[in-house]
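Here is a friendly walk through one protein model, written for someone who likes to think in contacts and surfaces. Please have the viewer open while you read.

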Amino acid sequence: MGGVRWRRVASQIGRSVAVWVVSTLTMLLLAGLLPDFRLRSADGGSATDIAVTAALGAGAFGLLSALVWPLLVRLLLLVPALVLGLLVFFLNGGLLWLALRLNPVERGSAAPETAVVVAAVMSAVASATGAALAVRDDDAYRRRLYRLADRRRSAGPCPATPGAVFLQLDGVGHDVLVDAVDRGLMPTVARWLGRPPGPGAAPAAGPAPGARPTHRLTPWRTDWSSQTGSTQLGILHGSNHDVPAFRWYEKERREVMVCNRPTSAAELERRAAAHAGHPGLLADDGASRGNLFGGGADQQALVLSIATRRRNPGTRSRAGYFTYFSDPANAVRTALSFVAEVVREIAQSTRARFTGQRPRVSRGGLYPFVRAFATVVQRDVVVAAVTGDLLAGRSSVYADLVAYDEVAHHSGPTGRDTDKVLQRLDRALALIENVAEHAPRPYRIVVLSDHGQSPGETFRARYGLTLGDLVRAGCGLPVPRRARRTHSGAEARAAVRAALRRPVEEGVEQYRPTRRDEPIVLASGNLGLVSFPDVPHRMTKEEIDTRYPALLPTLANHPGIGFLLVRSERHGGLVLGPQGAQIPLDRLDEDPGPLAVFGPGAADVVRRTHSFPHTADIMVNSAYDPAGGEVLAFEEQIGSHGGLGGAQARPFLLSPLALTPPVPEGTELRGAEEVHRVLRRWLEEAGGRASPAAPDREHAA
């Protein structure tokens, strides 16, 4: 036993010396290439002196990075997380300058900008060297994984019962996943499904693709509001009652609720827990990472609903950033990847503009940085947090990876841009699977999505006006000569705002009318909501016709509108379509009218939304072209979700065969609340003690 221990110590010392030597050589090479970086004084010095100076400088830089960096990051945790990521280069440069000044042999010198470059290169080279030396050393690999883990481990023994990891690939629809597997973009998922690798597939870790499957793939259908705020609330808390859209107006509070605004998310979480009768899916030793909602978990990081609260360090929203950025190699690697992703987005958007790609939306301004945050920073930090949870042996973990959703909004659901994102997401799944093998308890990995995305040009691009302009025209109000862009808000933008400590959604002021009697028009993908704030109750069709006789006919007969939902004094709920179609909700099964093109199940979700207390005065769903699967987004998105029509309402559930099937064969899995009940059942099967659920509530008709 003692011999093994000494061999481990010797191996670690050998790797440290090797990294030191490589760092020294790197410093010597950079000193020869960069004119503003010197390892000796101006009057010269022998080659031996220069080499010793480089060796001591490299050693001092390595020690400072290992000892000072974690403390520095902890002190800077008050700095917005996104800004901290960008400061990595300058902080490393400062450590290098200090290392040169502390050199006892001779003080070197470096210009500030040169110190930043030298420090970044040395950190990257040291990280790559250490990883290369440890690649075949299982003990070193295990120690590296544990270094990423949450330090607050349970002192007691870890249960032998399997834990569960729920990984949400935000916005990845069922058909997109299947296509990616068939084309070899996701070899890890292909291996789980036992499918042969597609053309150009990268080698997958573990058994060769085409072996016996370990997982099953199940499509499911969302509610009318096919967006993360509604579906994730239903999945994590068991209730998405009274969430009619991504954003809506509540008359009694005179407030616009926005799912990705921290104050709204906290209120929705409170309402869902009260309606469901339990705190959430993750209440028993669970962890929530990168989500809009906490799911009742004790361990929460990068969770939007707690972004405005001051809680203990283990549950504060941005706690996950410290764990990740305390490792300087992680910080430098993520910072370099962030810059590369910004450059990649600028190049891709420039190519799309010069090749005349259609449809297309603006991708300028801050969007390249938002995309880089979603595809690099958020992904890396969330994966590291999940790694820590697995190695800490938590009973359940739910994490959201938002990269695909953000890119698909601006580049479209399919194409080269999203293909690259899907490949990286698959690599993240492979990493988490690898980590699970080193965990103190077995884990069952469940992958799911909250919605898909439907392609199509924007309503504004096709017709030259926004939904708000059309509503104003129907009300006889002045319409701006130039259509304004409708603010687009996605999950990644919410994460960026929380990281920058700007939790209030930008652009909300545009929802507030200049006069109290003017309508408020909100967009949630291809779902629009029209509310009249001066009327305290939900207006009826008869009241709207009396006040604005042309409004409902203008909307219902517009070629970009699929159907409307309104309340009627005579018929209750009423679906309106072109050419005067008026179908009561209780007759939709016999005559679906304008809902027929949206497929089976559309009537059920429309009836359920009609029952919500905060359903808008007029609910507007865009037109849908089943031939191309295209919708017309009321936001500036060419890949959208939020309403009915196409792939947006068909996400997936990828579950281990060791778990019982989600639903009996031949039965469709419907709604986020039903998905919650399936996940809860699986936790109980695995031996978890999910908090008692309230009796199942039937969807209101």
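The report below starts with the whole chain and then turns to strands, a lysine, salt bridges and a surface patch.

## The whole chain

Please keep in mind that this is a predicted model. The protein has 701 residues, and 57% of them are buried. Its secondary structure comprises 21 helices and 22 strands.

Among contacts with a separation of 6 or more, 71% are between residues 24 or more positions apart. The protein exposes about 28500 Å², and 57% of that area is supplied by carbon and sulfur atoms.

V447 has L654 in β21 as its bridge partner.

Next comes β13, which covers residues 527-531. Five of its five residues are buried, so the strand is largely enclosed by the rest of the structure. The cover applies to both faces: L527, L529 and S531 are buried on one side, and G528 and V530 are buried on the other.

β13 has antiparallel partners to look at. Strand β12 (residues 520-524) is joined to β13 by five bridges, and S524 stands opposite L527. The hairpin of β12 and β13 has two residues between the strands, and G525 there takes a positive phi near 70 degrees. Strand β17 (residues 618-622) also runs antiparallel to β13, with four bridges between them. Here L529 has M619 as its bridge partner.

## A buried lysine

Is K251 buried or exposed? Its relative accessibility is 13%, and the cut-off for buried is under 20%, so K251 counts as buried. K251 sits in the loop between β5 (247-250) and β6 (255-258).

The side chain of K251 makes a polar contact of 2.9 Å with the side chain of D617. Beyond its neighbours within four places in sequence, K251 is in contact with F532, V535, P536, H537, R538, M539 and D617.

## Salt bridges

How many salt bridges does the count come to? The count is 37. One of them joins R253 to E255, with the closest N and O atoms 3.2 Å apart. R253 is partly exposed, at a relative accessible area of 35%.

A second example is R344 with E341, where the closest N and O atoms are 2.3 Å apart. Both residues lie in helix α11 (residues 328-354), three residues apart, which is about one turn of the helix.

E518 is buried, with a relative accessible area of 6%.

## A nonpolar patch on the surface

Which residues form a nonpolar patch on the surface? They are V17, V21 and L25, and together they have about 250 Å² of accessible area.

L25 belongs to helix α1 (residues 2-33). With 53% relative accessibility, L25 counts as exposed, because the cut-off for that class is over 50%. That makes a handy contrast with K251, which counts as buried at 13%.

Technical notes. Residues are numbered from 1 along each chain as its sequence is written. This is a predicted model: local features need pLDDT of at least 70, side-chain atom pairs count only at pLDDT 80 or more; totals for chains, interfaces and linings use all residues. Side-chain values use heavy atoms; hydrogens and water are left out. Patches are made of residues with over 30% relative accessible area and no salt bridge: like charges are joined within 9 Å, nonpolar side chains (Val, Leu, Ile, Met, Phe, Trp, Tyr) within 5 Å. Accessible areas come from the Shrake-Rupley method with a 1.4 Å probe; for residues, only the protein chains shown count as cover. A salt bridge is a side-chain nitrogen of Lys or Arg within 4 Å of a carboxyl oxygen of Asp or Glu. Buried means under 20% relative accessible area, exposed over 50%, partly exposed in between (1.4 Å probe, protein chains only). Two strands pair if DSSP finds at least two bridges between them. A polar contact is a pair of N or O atoms within 3.5 Å; within protein, one must be able to donate a hydrogen and the other to accept it, and residues adjacent in sequence count only if both atoms are side-chain atoms. Contact means heavy atoms within 4.5 Å.
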